Amino acid sequence: MQRPIEIAPSILPADFSRLGQECVDLENAGVDRIHWDVMDGVFVPNITMGPDIVGSLRSHLSIPFEAHLMVVNADEFAPLFIEAGCSTVMVHVEACTHLHRSLNNIRKQGARAGVVLNPHTPASTIAHVLEQTDHILVMTVNPGYGGQTYIPLLDKISEIKEMVDSSGCEIDIEVDGGINADNIGECAAAGANVFVSGSALFKYADRAAGTAELRSLAEAARN
Ligand code: DX5
Ligand code: ZN
């Protein structure tokens with residue numbers, strides 16, 4: 001059974017002087033969830049937002065929040081973002097010494113457990129945690145900044161899709177980084193069903209039309 005196509009804008013390109021309105025506009029444009037790119041300046045060479053900022057937006061929107069934790073202390077920060085209202089919290093394979101435990105802890109706190117792989121990280125690194133995973137995020141850029149050039153990793157996405165299908169687990173497969181109208185179709189055909197789009201979506205003058213276009217391109221590529 002195919003999992004629904006979802007569009008999850010990264011909030012990085014937003015005008016942070018109007019963050020609340022930007023998020024409300026995205027919800028009104030029909031996006032499915034907000035993708036919060038959390039960076040600590042250590043795991044990645046950039047610093048973004050903490051749980052207080054994410055939490056301040058929670059009551060203004062009804063769509064789910066997902067936290068992409070690009071932080072070295074993933075276990076320490078995961079609970080804070082769950083408390084802030086993120087229903088999915090994603091930790092990097094590369095940041096977790098005890099990934100099986102980290103994912104279980106996220107679930108124990110009532111959130112969906114997500115695992116993130118950098119472009120160089122093999123799919124095999126998550127082979128033994130599929131039972132503990134609700135969401136897999138495949139990076140198609142090296143994390144740290146929005147607006148980077150997409151790195152095609154279609155074989156990796158397909159490999160992960162096959163792993164998930166043969167596991168019988170219900171897991172969303174998301175791609176993140178440089179996703180736009182030119183490449184969303186190939187990622188969907190390879191097996192992704194959730195798509196982070198930051199700079200590409202924010203470039204559309206009409207974000208509702210942009211969201212609809214990205215969604216229809218992904219849906220068309222799967223059928
Ligand atoms: C990069 C972030 C991505 C990125 C997406 O570290 O995880 O979510 O901001 O933005 P675009 O779509 O502009 O690559
Ligand atoms: Zn991200």
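**Pocket lining and sheet architecture**

Helix H5 supplies the largest share of the lining of the largest pocket, contributing three residues. In this predicted model, the space that lies in the largest pocket comes to about 280 Å³. The pocket is lined by 18 residues, and those closest to its centre are Met1, Gln2, Arg3, Lys161 and Asp165. Two or more lining residues are given by each of helix H5 (154-167), helix H6 (184-190) and helix H8 (207-222). When the lining of the largest pocket is divided by class, nine residues are nonpolar, four are polar and five are charged.

The strands of the model were examined next. Eight strands form an open sheet with parallel pairing, and their order across the sheet is S1-S8-S7-S6-S5-S4-S3-S2. The edges of this sheet are strand S1 (6-9) and strand S2 (34-39), each of which pairs on one side only. From one strand to the next, the twist averages 25°.

Within the sheet, strand S4 (residues 86-92) pairs with strand S5 (residues 112-117) in the parallel sense, and the pairing of these two strands extends over five bridges. Valine 91 has valine 115, in S5, as its bridge partner. Helix H4 (residues 99-108) lies across S4 and S5, and the direction of H4 runs at about 145° to S5.

Definitions and conventions: Residues are numbered from 1 along each chain as its sequence is written. Chains are lettered from A and ligands numbered from 1 in the order in which they are written. This is a predicted model: local features need pLDDT of at least 70, side-chain atom pairs count only at pLDDT 80 or more; totals for chains, interfaces and linings use all residues. Side-chain values use heavy atoms; hydrogens and water are left out. Two strands pair if DSSP finds at least two bridges between them. Helices (H or I, at least four residues) and strands (E, at least two) are DSSP runs, numbered from the N terminus. Axes are lines fitted to C-alpha atoms, for helices over the stretch in contact, and angles run from 0 to 180 degrees between N-to-C directions. Contact means heavy atoms within 4.5 Å. On a 1 Å grid over the protein atoms alone, a cavity is a set of points where a 1.4 Å probe fits but cannot get out, and a pocket is an open set with protein on both sides within 12 Å along at least five of seven lines; lining residues have an atom within 4 Å of a point. Grid points are joined across faces, edges and corners, and a volume is the space filled by probe spheres set on the points. Ala, Val, Leu, Ile, Met, Phe, Trp, Tyr, Cys and Pro count as nonpolar, Asp, Glu, Lys and Arg as charged, and the others, Gly among them, as polar.
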